[in-house]
Every structure is written in structure tokens, then in C-alpha cells.
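Let's take a look inside this protein.

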Amino acid sequence: MNRPAPGSRQPPTEPSLEPDEGWHCSHLYYRFDRSVLAALAPTQVRDGRQALIEILNPEAEKGPKRLQTSLVSGSKADFGLMVMDQNPLTVEGVNQRLLSSKLGPALIPTYSFVSMTEISEYVPSVNEYAKRLIQEGDAPNSPAYSAKVKAYEARLPAMNKQRLTPEFPPGYPATCFYPMNKKREVGENWFNLAFSARSRMMAEHATSGMEFAGKVSQLISVGLGFDDWEWGVTLWARNPQFLKEIVYRMRFDQASARYGEFGAFYTSYIMSAPEMLNHCLGSMG
């Protein structure tokens with residue numbers, strides 16, 4: 001095998017918009033301008049509704065890998081989208097097609113968060129998980145220890161796949177999105193802590209989240225270099241009450257209570273595009 005000479009430069013990789021792993025992810029929120037809608041002809045509204053339905057069809061042949069529509073609760077927006085794909089132009093294409101559609105003049109973008117999916121550095125490898133079990137009191141090579149390590153090793157690939165190329169969880173009709181940072185304040189700078197300390201606090205945080213298995217599904221995407229906040233948190237719940245309960249429970253963990261900073265919360269309910277339009281526009285058009 002030929003190796004490059006010491007000090008020689010490697011040829012640059014081919015430019016690409018697609019990451020080596022993971023997907024681009026955007027959360028997009030819109031409001032309908034009722035005054036603009038009222039000025040449109042009924043046929044224009046009808047045709048515009050059909051165009052939006054086609055744009056927001058998650059099964060569209062040339063659409064993004066993932067597209068989910070939801071009805072937003074409160075006055076921050078009327079509806080929201082979560083869009084994911086390897087190519088950021090495919091993701092942004094949904095936004096641009098909406099704005100240039102027949103109902104585009106009646107759509108007001110109210111918020112967006114641009115990020116990428118990732119496997120967090122705090123997700124333990126099998127060896128790290130095994131060491132953690134010993135630290136927590138499991139006897140090395142005991143049947144219980146061996147069973148836990150084997151089970152973790154079996155489920156880790158599927159968990160990492162879900163982190164990088166997520167499926168929307170079926171049967172979870174309520175969803176919530178919020179951006180967050182870790183503090184950089186004097187005396188409370190998360191990024192000045194040793195990795196072991198950060199990892200320990202994130203393990204505590206993960207344990208709290210596990211209490212809601214079967215009730216809440218979570219995805220963390222990274223906004224570093226893409227948006228104003230460092231991470232985006234997406235929660236899906238089998239009942240809206242679980243959104244309240246998990247956020248309250250996890251805020252007592254030190255990673256949040258001492259080092260977390262949170263942006264606005266967008267709570268919404270999963271709907272197909274026709275259902276969302278019927279709810280927002282009623283019989284208009």
C-alpha cells in the first residue's frame with residue numbers, strides 16, 4: 001500500500017453538500033395571513049390548498065427523506081414542519097416551494113431552526129457502558145453484568161441509526177420542539193468541564209429520560225455552525241401531558257438545572273397536510 005510522503009498534502013475531497021453521516025434537519029413554522037387569504041378568489045384558495053397538500057406529501061417521489069406536518073398550539077404559528085434529508089437543498093426546497101406557491105403570499109414564516117442529526121459524544125460505546133455498569137456496582141463477569149452488556153451491544157446499532165436517520169415514531173400524536181445551549185458563564189462554563197464530568201451529568205440526564213420509555217420519543221439535532229442555538233430538542237409523546245412531565249423531570253438534572261439555557265417552546269399536534277389545512281382554513285376555498 002502506497003503511503004503519502006511525510007509532510008505531503010492530501011488531495012482535497014470532492015465538494016459535497018451531503019454529510020458523511022446523518023441528515024440535514026430543519027424545523028419550519030408558518031402563520032396564515034388571513035387578510036391576504038380573504039382577498040384571494042375562492043378558486044385561488046382551492047387551487048392553493050391542493051398545491052400545499054402536494055408539497056407537504058411525505059410520500060412525494062422527489063421529496064425529502066422525512067417530512068412531518070403538525071398543527072401548532074398557541075399564537076406562535078399555525079403549523080410547523082420537520083424536514084430531513086441528506087441534501088440541505090432538498091430540505092430548503094420544501095420551504096421555497098411553499099413560499100412560491102399560490103398560497104405563498106398568505107404564508108408568513110415565523111420561526112426556523114436549522115441543524116443536523118448526529119450521534120452525541122456522550123453515547124457510550126459498549127466498553128464504556130460496561131465500565132459504567134461496574135462503577136454503578138455490577139460485578140464484572142456476573143450473569144447480570146454479562147446480560148446487560150450483551151443487550152446494550154445488540155441494541156446500540158439500531159439506536160445510532162435512529163439518531164442519524166430517524167423515523168418519525170408512530171402513535172405519538174403530540175410533539176414539542178425547543179432550542180437549547182449549554183452555559184458559558186464564569187464558574188458555570190459547560191465547555192470548560194472535563195469530559196468525564198460532562199459525561200457523568202449526561203448519563204444522569206439520560207437515566208431520567210428512560211423513565212418515559214413508551215411515553216416519549218426524543219431526537220437531539222445539532223445546530224452548531226448552522227443556527228443561533230447549539231442544539232434542537234424534538235419530543236414526541238403519546239399524550240401531551242407527558243411533554244410537561246418529562247421536561248419538568250429532566251430540568252432537575254444538573255446538566256439542565258445548572259448548565260442549560262432554553263429557547264422558545266413550540267408545541268404541536270401531528271396531522272396530515274389536508275387535516276392541518278381543514279383545521280386552519282375550514283371551508284375557505
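## The cavity

There is one cavity of 30 Å³ or more in this structure. A cavity here is a set of points on a 1 Å grid over the protein atoms alone, where a 1.4 Å probe fits but cannot get out. The largest cavity has about 90 Å³ of space, with volume taken as the space filled by probe spheres set on the points, which are joined across faces, edges and corners.

This is a predicted model: local features need pLDDT of at least 70, side-chain atom pairs need 80 or more, and totals for chains, interfaces and linings use all residues. Numbering runs from 1 along each chain as its sequence is written, and side-chain values use heavy atoms, leaving out hydrogens and water.

## What lines it

The largest cavity has 14 lining residues, meaning residues with an atom within 4 Å of a point. Tyr29, Ser70, Met82, Thr175 and Ser268 sit nearest its centre. Elements giving two or more residues to this lining are β1 (24-32), β2 (66-72), β3 (79-85), β5 (174-182), β9 (231-237) and β11 (266-270); strands are DSSP runs (E, at least two residues), and helices are H or I runs of at least four.

## The nonpolar cores

The largest nonpolar core has 25 residues. Such a core is a set of buried Ala, Val, Leu, Ile, Met, Phe, Trp, Tyr and Cys residues joined through side-chain atoms within 4.5 Å, with buried meaning under 20% relative accessible area (1.4 Å probe, protein chains only). Phe32 and Met276 are among the residues touching the most other members. Helix α9 (273-281) gives the largest share, five residues.

Apart from this core lies another of 17 residues, including Trp231 and Ala237.

Technical notes. On a 1 Å grid over the protein atoms alone, a cavity is a set of points where a 1.4 Å probe fits but cannot get out, and a pocket is an open set with protein on both sides within 12 Å along at least five of seven lines; lining residues have an atom within 4 Å of a point. Buried means under 20% relative accessible area, exposed over 50%, partly exposed in between (1.4 Å probe, protein chains only).
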